[in-house]
Amino acid sequence: MQNEFKTMLEEIEPGVSSEQLNEATLECFNDKTDISFDDFTMWYFKSTYYEKQQKKAEKQGNEDSLCDTLSPPKGATTFGMIRYIVLFPLASTLALTIPDVRRKSVNGKFCYLAFFLAIAWIGVYSYFMVGWAETVGRTVGIPSYIMGLTFLAAGTSVPDLLSSVIVARMGEGDMAVSSSIGSNIFDILVGLPLPWMLYIAFSSSDIVTIGADGIWVSIMILLAMLVVIILSIHFSGWKLTKTLGYSMFFLYFLFLAQALLRQYL
């Protein structure tokens with residue numbers, strides 16, 4: 001019964017710690033092995049979990065104005081203010097141009113417009129991100145190939161990282177792995193050919209030349225890495241463990257090391 005109680009609390013509040021779980025269990029059960037529904041109801045309405053859910057519901061019910069959305073956070077730390085200043089250009093452009101369909105005052109049919117506007121803004125941000133990455137790379141003497149292999153690859157994979165962490169904490173390990181694999185397949189089979197086809201359609205050129213040297217060697221090494229990763233997951237019993245995570249980190253840095261050695265030697 002207590003294990004089921006802890007599992008339920010983890011579903012309600014995924015970020016809860018083991019100490020908080022033990023404290024809530026002792027407070028609710030009070031040295032009893034089983035509790036009735038009435039006992040649980042009395043505890044829940046007095047618990048911090050209920051207060052959090054109530055505050056969350058009240059916050060969702062009160063719509064913030066555009067000024068409230070773009071205003072600096074109240075009581076923010078120095079790091080919070082720095083983050084606010086850095087993210088303000090992104091937040092302001094999105095808030096001023098994309099309809100927030102979460103608001104009750106906005107027609108839900110604008111969700112389609114919001115989707116395409118969000119995709120368009122991602123294209124604009126990506127254009128500047130690539131240009132700035134090339135400028136930084138040329139300034140410090142790093143080739144574009146290495147910048148794309150490291151900084152741009154890491155930056156564009158952050159959304160995949162966050163989504164994988166969220167679903168993994170929910171116990172959906174298979175979804176976390178399939179999300180990372182599926183995003184790469186989409187990038188290769190849609191993200192790359194679609195711009196090429198658009199470029200060919202609106203230009204006089206019939207082909208798009210890939211300027212990266214040694215691209216075939218990198219592809220073969222990536223295929224070998226894929227085989228090694230599958231074997232690693234197989235020998236770990238098809239479970240995501242810390243040892244498997246450390247081994248994947250090692251493989252990633254090993255791939256970066258060989259890419260840098262082939263580029264500069």
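**Chat about helices and side chains**

Q: Which helix do E134 and R138 lie in, and how many residues apart are they?
A: Both lie in helix α7 (residues 111-140), where they are four residues apart, about one turn of the helix. Helices here are DSSP runs of H or I with at least four residues, strands are runs of E with at least two, and both are numbered from the N terminus. Residues are numbered from 1 along each chain as its sequence is written. This is a predicted model, so local features need pLDDT of at least 70 and side-chain atom pairs count only at pLDDT 80 or more, while totals for chains, interfaces and linings use all residues, and side-chain values use heavy atoms, with hydrogens and water left out.

Q: In what do the side chains of E134 and R138 meet?
A: They meet in a salt bridge, at 4.0 Å from N to O, the term meaning a side-chain nitrogen of Lys or Arg within 4 Å of a carboxyl oxygen of Asp or Glu. By this rule the count comes to one salt bridge. As background, side chains of opposite charge can pair when their charged atoms come close.

Q: And are those two buried or exposed?
A: E134 is partly exposed, with a relative accessible area of 33%, whereas R138 is exposed at 65%; buried means under 20%, exposed over 50% and partly exposed in between, using a 1.4 Å probe and protein chains only.

Q: New topic: at what angle do the axes of α9 and α10 cross?
A: The axes of α9 (residues 173-191) and α10 (residues 193-201) cross at roughly 15° and come within 5 Å, which makes α9 roughly parallel to α10. Angles under 35 degrees count as roughly parallel, over 145 as roughly antiparallel, 65 to 115 as roughly perpendicular and the rest as oblique; axes are lines fitted to C-alpha atoms, for helices over the stretch in contact, with angles running from 0 to 180 degrees between N-to-C directions.

Q: Which residues make the contact?
A: On α9 they are I188, L189, V190 and G191, and on α10 they are P193, L194 and P195, where contact means heavy atoms within 4.5 Å.

Q: What about S164, is that buried or exposed?
A: S164, in helix α8 (residues 144-169), is buried, with a relative accessible area of 14%. Leaving aside neighbours within four places in sequence, S164 is in contact with A176 and S179.
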